[in-house]
Amino acid sequence: MGAGQAGIAGLCIIAAIFADTTVALSAAKCSPHEQRVAKAIKEGKALLKEEKFKDWIDKGLRADAPYNKKPYTTYLAWYERIGGLSAAPDGSHTPEMTKFFETHGFTPSAAYSVIEDYALHGKPNSSVDLGFEEKMNAFHCP
């Protein structure tokens with residue numbers, strides 16, 4: 001390996017270490033609640049890409065759909081998780097939920113509404129959801 005190649009390899013190693021450190025630092029800046037919300041949003045967006053889910057939605061959530069099988073069971077589990085991030089079991093708002101809204105300008109239930117709009121209508125269905133979508137897409141937490 002020549003001196004130039006060794007220098008490039010060294011820079012690549014330093015860049016990789018820096019990237020790992022940056023990811024770790026940004027993860028440390030996100031609260032556990034923020035990390036759970038980010039994961040739920042990512043899972044919701046992934047659901048929209050699943051062909052079986054698209055077929056299920058396109059058929060109008062028909063009465064004869066297999067509600068005890070995927071994709072409905074996957075959707076239901078996701079819906080329960082994102083709902084749990086929006087409110088406590090008694091319906092109250094915890095301090096972490098309030099802080100999330102104050103910091104990011106949307107709630108997990110708003111993210112659910114945006115994802116549901118894409119599932120049912122192919123796009124956000126209201127100006128309110130358009131605003132929430134902007135905030136949701138601006139929210140990053142590894």
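User: Which residues does Met97 touch, not counting residues up to four places away in sequence?

Analyst: First, a caution: this is a predicted model. A contact list leaves out the sequence neighbours and keeps what the fold brings in. Here Met97 touches His33, Gly84, Leu85, Ser86, Ala87, Ala88 and Ser92. Met97 itself lies in helix 5, residues 95-104.

User: Is Met97 buried or exposed?

Analyst: Read the relative accessible area against a cut-off. Buried means under 20%. Met97 has 9%, so Met97 is buried.

User: Which residues is Phe132 in contact with, leaving aside neighbours within four places in sequence?

Analyst: Start with the location. Phe132 sits in helix 7, which spans residues 127-138. With those neighbours set aside, Phe132 contacts Gly105, Phe106, Ala110 and Val114. For one of these, Ala110, the C-alpha distance to Phe132 is 6.4 Å, at 22 residues apart in sequence. Phe132 is partly exposed, at 22% relative accessible area.

User: How do I read the fold as a whole?

Analyst: Count the elements, then check their order. The protein chain has seven helices and zero strands. From the N terminus, the order is α-α-α-α-α-α-α.

User: What share of contacts joins residues at least 24 apart?

Analyst: Take contacts in the protein chain between residues at least 6 apart in sequence. Of these, 61% join residues at least 24 apart.

User: Now the rings. What describes a pair of aromatic rings?

Analyst: Two numbers do: the distance of the centres and the angle of the planes. This structure holds nine aromatic pairs. One of them is Tyr72 with Tyr75, a tilted pair with centres 6.3 Å apart and 40° between the planes. Both lie in helix 4, residues 72-86, three residues apart, so about one helical turn separates them.

User: Why is the pair of Tyr75 and Tyr79 stacked?

Analyst: Planes under 30 degrees apart count as stacked. The planes of Tyr75 and Tyr79 are at 25°, with centres 6.2 Å apart, so the pair is stacked. Tyr75 and Tyr79 are four residues apart in helix 4, again about one helical turn. Their accessibilities fall into separate classes. Tyr75 counts as buried at 16%, whereas Tyr79 is partly exposed at 38%.

User: Which residues do ring pairs link into a cluster?

Analyst: Follow the pairs from ring to ring. They link Phe53, Tyr72, Tyr75, Trp78, Tyr79 and Tyr112.

User: Last topic, pockets. What is the volume of the largest pocket, and which residues line it?

Analyst: Report the volume, then the lining. The largest pocket has a volume of about 230 Å³. Its lining is made of Gln35, Ala38, Lys39, Ile41, Lys42, Lys45, Met136, Asn137, Phe139, His140, Cys141 and Pro142. Helix 2 (32-49) and helix 7 are the elements that give two or more residues to this lining. Helix 2 gives the most, with six residues.

User: How do the lining residues of the largest pocket divide by type?

Analyst: Sort each residue into one class. The lining has six nonpolar, three polar and three charged residues.

Conventions. Residues are numbered from 1 along each chain as its sequence is written. This is a predicted model: local features need pLDDT of at least 70, side-chain atom pairs count only at pLDDT 80 or more; totals for chains, interfaces and linings use all residues. Side-chain values use heavy atoms; hydrogens and water are left out. Buried means under 20% relative accessible area, exposed over 50%, partly exposed in between (1.4 Å probe, protein chains only). Contact means heavy atoms within 4.5 Å. Rings of Phe, Tyr and Trp (its six-membered ring) pair if their centres lie within 6.5 Å; planes under 30 degrees apart count as stacked, over 60 as edge-to-face and the rest as tilted. On a 1 Å grid over the protein atoms alone, a cavity is a set of points where a 1.4 Å probe fits but cannot get out, and a pocket is an open set with protein on both sides within 12 Å along at least five of seven lines; lining residues have an atom within 4 Å of a point. Grid points are joined across faces, edges and corners, and a volume is the space filled by probe spheres set on the points. Ala, Val, Leu, Ile, Met, Phe, Trp, Tyr, Cys and Pro count as nonpolar, Asp, Glu, Lys and Arg as charged, and the others, Gly among them, as polar.
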